[in-house]
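Q: Can we go through this one together? Show it to me before we start.
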Amino acid sequence: MSTIDLSLKPKIKAAVIYPEIMERCVGISAESRLSEAVGLALAINLDVVHQEIIKLRNIKPATLIGQGVIDRLLPLISADNIELLVVDSGLSPIQQRNLEKKLQIKVIDRTALILEIFGERAQTNEGKLQVELAHLSYQRSRLVRSWTHLERQRGGAGFLGGPGETQIELDRRIIDDKILRIKKDLEKVRQTRKIQRVSRQRVPYPVVALVGYTNAGKSSLFNRLSLGNVLAKDMLFATLDTTLRRLDLPSGRTVILSDTVGFISDLPHELVMAFRATLEEVLEADIVVHVRDVANPDSREQCHDVINVLENIGLNNIKEDKKYIEVLNKSDLLDQQQKSVIKDNCLLVSALTGEGCDKFLQELDNRLSQDHKIMEIRLLASEGKKISWIYENSEVLSSNLIEDMLYLKFRISSASAAKLDKLLDKQTN
């Protein structure tokens, strides 16, 4: 899949508007939503020359915004040579086409903007397949001829292309064929991931998945804990591809730390479905760590958005689950008074300074040990099946061979311990 290389072209001048529906003023504030939308636009190197909150009493079926707003935008577009309007909301194909006709510039909605970012950032073959699937699913309903005055023809499945964009050359049959091919390729990826998970379970190392709102500092915390080298920037969607690293906890227990894609409010449905293979790492994780930006004024609303996505992928009532841990990141941005109102049972950390990280690692250790116990056993060195089972289903802490007897000390879950008891009884009888 090809995407725009904006670094080689002059920046596209853009306007960003957030239509605030008055009767739906709940959740993240309009100012924060506009700021977030501008951040998304800047993430693909657009030159945002105008930004505005448009207050709407009701939605216009034909154009979303009213004619008065359109009339007010027209001279701004002309004066600033604006080429692109980003509407931080969902647009129907008809609304998008009508706005483009009236404003005579390219118009994209929130979903298209996020998909364009993902198209630029995906690095692995899996990530590129997922993004292309999301692009095609979104485009399938938008096979309409649109604006034609900007001459930037290019291939690929992006949204900031040339006359009529690539939808003109694609009919539904071609798109459906591509979607089918990509789904088959992604199914192979899922099977590969399944095999990798089975291999990890044999080790066995527990998996700790970092999740959270985009730009909450997951990758910075990942790097702090694992000494990794993952791209960590003050930028929306800096991380798109899952990264795994080994991490040793204070007790000596080894875990696999997983850094995942950031979530966002109104995450496009196409992306939730397309990235399910990646999010399966979260579904299979032994511990889910929700990293929150405690310094963000909309932290609570962002938390709600993340929980919604987690529940949509199958983690129901996740906040009540013992495997869920909430971490409040960016404590370095709080003063002492702000820190003093944080509840004692909250994990306050700073990926930048390392504050609270030791306490967090200890909490991981404690949480993983809740359902585990230490066992010691003596076996004949010739009892290979029993010894092999213990190594595959527990964390062996020590092993001493004295003459023909093997003395093992290991940490094992209650469920596995019960299976071991049955195995020993069965082979004894």
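A: First, a term: two strands pair if DSSP finds at least two bridges between them. Helices (H or I, at least four residues) and strands (E, at least two) are DSSP runs, numbered from the N terminus. This is a predicted model: local features need pLDDT of at least 70, side-chain atom pairs count only at pLDDT 80 or more, and totals for chains, interfaces and linings use all residues. Residues are numbered from 1 along each chain as its sequence is written, and side-chain values use heavy atoms, with hydrogens and water left out.

Q: Which residue in β3 is the bridge partner of alanine 14?
A: Leucine 84. β1 and β3 run parallel, joined by four bridges.

Q: And what stands opposite leucine 84 in β4?
A: Lysine 106. β3 and β4 (residues 106–109) also have four bridges, in the parallel sense.

Q: Which way do the β3 side chains point?
A: Leu84 and Val86 point one way, Leu85 and Val87 the other. All are buried, meaning under 20% relative accessible area with a 1.4 Å probe, protein chains only.

Q: Which residues touch the most other members of the largest nonpolar core?
A: Val16, Leu46, Leu84, Val86, Phe263, Val282 and Leu310, out of 49 residues. Such a core is a set of buried Ala, Val, Leu, Ile, Met, Phe, Trp, Tyr and Cys residues joined through side-chain atoms within 4.5 Å.

Q: Which element gives the most to this core?
A: α1, with seven residues.

Q: What does phenylalanine 263 touch?
A: Not counting residues up to four places away in sequence, its contacts include Tyr213, Leu279, Val306 and Leu310. Contact means heavy atoms within 4.5 Å.

Q: Switching to helices. How do α7 and α12 cross?
A: At roughly 80°, with the axes of α7 (residues 218–226) and α12 (residues 357–369) coming within 11 Å. That makes α7 roughly perpendicular to α12, a label for 65 to 115 degrees. Axes are lines fitted to C-alpha atoms, for helices over the stretch in contact, and angles run from 0 to 180 degrees between N-to-C directions.

Q: Which residues meet there?
A: Leu221, Arg224 and Leu225 from α7 meet Cys357, Phe360 and Leu361 from α12.

Q: Now the open sheet. What is its strand order?
A: β11-β13-β12, three strands with antiparallel pairing. β11 (372–380) and β12 (395–402) are the edge strands. Seven bridges join β12 to β13, where leucine 401 stands opposite leucine 406.

Q: Which helix lies across those strands?
A: α13 (residues 384–393), running at about 30° to β13.

Note on methods:
Parallel < 35°, antiparallel > 145°, perpendicular 65-115°, else oblique. Buried < 20%, exposed > 50% of the residue type's maximum accessible area, 1.4 Å probe, protein only.
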